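I opened the model and kept notes on what I looked up. The entries follow in the order I made them.

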Amino acid sequence: MLIVAAYDIAITSDGGTRRLNRVSKACTRYGQRVQNSVFECLINDLEFLKMRQELSNIIDPSQDSLRFYILGNHYEHKVIHIGTKDVQDLDGPLIM
């Protein structure tokens, strides 16, 4: 299923920059960055639970925000992209 994860970390607070770096690094393990603080993740239910738990443990919920949009398995026509920042096909082969 496709999950869109977005976050807003209060970098001016104590430890904010460190939390931002940790959240960003964690998100790259689950998907690809499509905007500065937005990731598209093609993952299963178990991976999503792990991702949610991991990110929840990193942020400070009194200052930071996480949002998850669950687009499901039939997401191909739910995402419209216009402009720069082409992204890799999530179903295609991973070439590094």
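**Entry 1: a strand pair**

I looked up how E2 and E3 pair and found that they run antiparallel, joined by 3 bridges. Two strands count as paired if DSSP finds at least two bridges between them. I noted glutamine 35 with valine 38 in E3 as its bridge partner. The link from E2 to E3 is a hairpin through 2 residues.

**Entry 2: what I am working with**

This is a predicted model, in which local features need pLDDT of at least 70 and side-chain atom pairs count only at pLDDT 80 or more, while totals for chains, interfaces and linings use all residues. Residues are numbered from 1 along each chain as its sequence is written, and side-chain values use heavy atoms, with hydrogens and water left out.

**Entry 3: the whole chain**

I listed 2 helices and 4 strands in the chain. From the N terminus on, their order is β-α-β-β-α-β. Helices (H or I, at least four residues) and strands (E, at least two) are DSSP runs, numbered from the N terminus. Of the 96 residues in the chain, 32% are buried. Buried means under 20% relative accessible area and exposed means over 50%, with partly exposed in between (1.4 Å probe, protein chains only). I also looked up contacts (heavy atoms within 4.5 Å). Among those between residues at least 6 apart in sequence, 64% join residues at least 24 apart.

**Entry 4: helix H1**

H1 covers residues 16-28, which is 13 residues, and reaches 18 Å from its first C-alpha to its last. That is close to the 18 Å expected at 1.5 Å a residue; the expected span is 1.5 Å times one less than the number of residues. Which residues of H1 are buried? I found Gly16, Arg19, Val23, Ser24, Ala26 and Cys27. Seen down the axis of H1, these buried residues fall within an arc of 165°, so they line one face of the helix. The arc is that of the directions from the helix axis to the C-beta atoms. Arg18 and Lys25 are exposed on the other side of H1. The buried residues of H1 pack against strands E1 (2-8), E2 (32-35) and E3 (38-42), and against helix H2 (45-58).

**Entry 5: valine 4**

I then turned to valine 4, which is found in strand E1. Valine 4 is buried, with a relative accessible area of 15%. Leaving aside neighbours within four places in sequence, I found valine 4 in contact with residues including Val38, Phe39, Arg67 and Leu71. Valine 4 and isoleucine 70 are 66 residues apart in sequence, yet 6.5 Å apart in space, C-alpha to C-alpha.
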